[in-house]
Amino acid sequence: MRTPVTDSVKLPRIKPMVLAEKLGLPPNLTKEILQTLTQARLLTETRGAEYSFVPARPLARISVRDVLQAMRCGSGSDLVTAADSQRPIVSGVLQEIRSAADARAESVSFEQLVRQSAKAV
């Protein structure tokens with residue numbers, strides 16, 4: 001099988017158990033994360049002797065915001081504030097923070113992260 005390539009960056013297949021070990025995450029949590037990213041069409045599952053995952057599109061077209069959004073929606077992890085008179089104020093501030101984070105995350109692609117990581121090694 002061929003390893004996908006985006007520009008000059010060769011992309012290895014991601015095996016769930018290897019990823020879990022490298023990140024120090026429980027295998028079940030790793031599996032959930034990979035399923036969430038697959039459902040968001042950010043990863044594609046490959047079949048073979050061992051199943052693995054590859055990016056569903058070129059890394060230059062996958063932003064950090066895409067991943068954050070998938071994880072937020074997939075986990076239903078929106079912050080809930082107390083139902084009181086301060087809720088609109090707190091919710092407004094949280095929305096401003098999320099908007100600023102999303103704007104920055106949208107400007108960073110995974111291709112940029114891979115290239116920066118390769119330079120650091």
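Modeller: Helices are DSSP runs of H or I with at least four residues, and strands are runs of E with at least two, numbered from the N terminus. Note that this is a predicted model.

Biologist: Fine. How many helices and strands are there in the chain?
Modeller: The chain has five helices and four strands.

Biologist: In what order do the elements run from the N terminus on?
Modeller: The order is β-β-α-α-β-β-α-α-α.

Biologist: What share of the residues is buried?
Modeller: Of the 121 residues in the chain, 23% are buried.

Biologist: And the contacts between residues at least 6 apart in sequence, how many of those join residues at least 24 apart?
Modeller: That share is 56%.

Biologist: Let's move to the helices. At what angle do α1 and α2 cross?
Modeller: Roughly 115 degrees, with the axes coming within 9 Å. Helix α1 covers residues 16-23 and helix α2 covers residues 27-39.

Biologist: Left-handed or right-handed?
Modeller: The crossing of α1 past α2 is right-handed.

Biologist: Which residues make the contact?
Modeller: On the α1 side they are P16, M17, L19 and A20, and on the α2 side P27, T30 and L34. Sorted by class, six residues in this contact are nonpolar, one is polar and none is charged.

Biologist: New topic. How many aromatic pairs does a search of the whole structure find?
Modeller: It finds one aromatic pair. The partners are Y51 and F53, with ring centres 5.7 Å apart.

Biologist: Why is the pair called edge-to-face?
Modeller: Because the ring planes of Y51 and F53 stand at 75 degrees, and planes over 60 degrees apart count as edge-to-face.

Biologist: Are those two buried or exposed?
Modeller: Y51 has 34% relative accessibility and counts as partly exposed. F53 has a relative accessible area of 4%, so F53 is buried.

Biologist: What about S52, where is its place?
Modeller: S52 belongs to strand β4, which spans residues 52-55. With a relative accessible area of 2%, S52 is buried, as the limit for that class is under 20%.

Biologist: What does the side chain of S52 make a polar contact with?
Modeller: With the side chain of T46, at 2.6 Å.

Key: Residues are numbered from 1 along each chain as its sequence is written. This is a predicted model: local features need pLDDT of at least 70, side-chain atom pairs count only at pLDDT 80 or more; totals for chains, interfaces and linings use all residues. Side-chain values use heavy atoms; hydrogens and water are left out. Axes are lines fitted to C-alpha atoms, for helices over the stretch in contact, and angles run from 0 to 180 degrees between N-to-C directions. A crossing is left-handed if the near helix is turned anticlockwise from the far one by less than a right angle, and right-handed if clockwise. Contact means heavy atoms within 4.5 Å. Ala, Val, Leu, Ile, Met, Phe, Trp, Tyr, Cys and Pro count as nonpolar, Asp, Glu, Lys and Arg as charged, and the others, Gly among them, as polar. Rings of Phe, Tyr and Trp (its six-membered ring) pair if their centres lie within 6.5 Å; planes under 30 degrees apart count as stacked, over 60 as edge-to-face and the rest as tilted. Buried means under 20% relative accessible area, exposed over 50%, partly exposed in between (1.4 Å probe, protein chains only). A polar contact is a pair of N or O atoms within 3.5 Å; within protein, one must be able to donate a hydrogen and the other to accept it, and residues adjacent in sequence count only if both atoms are side-chain atoms.
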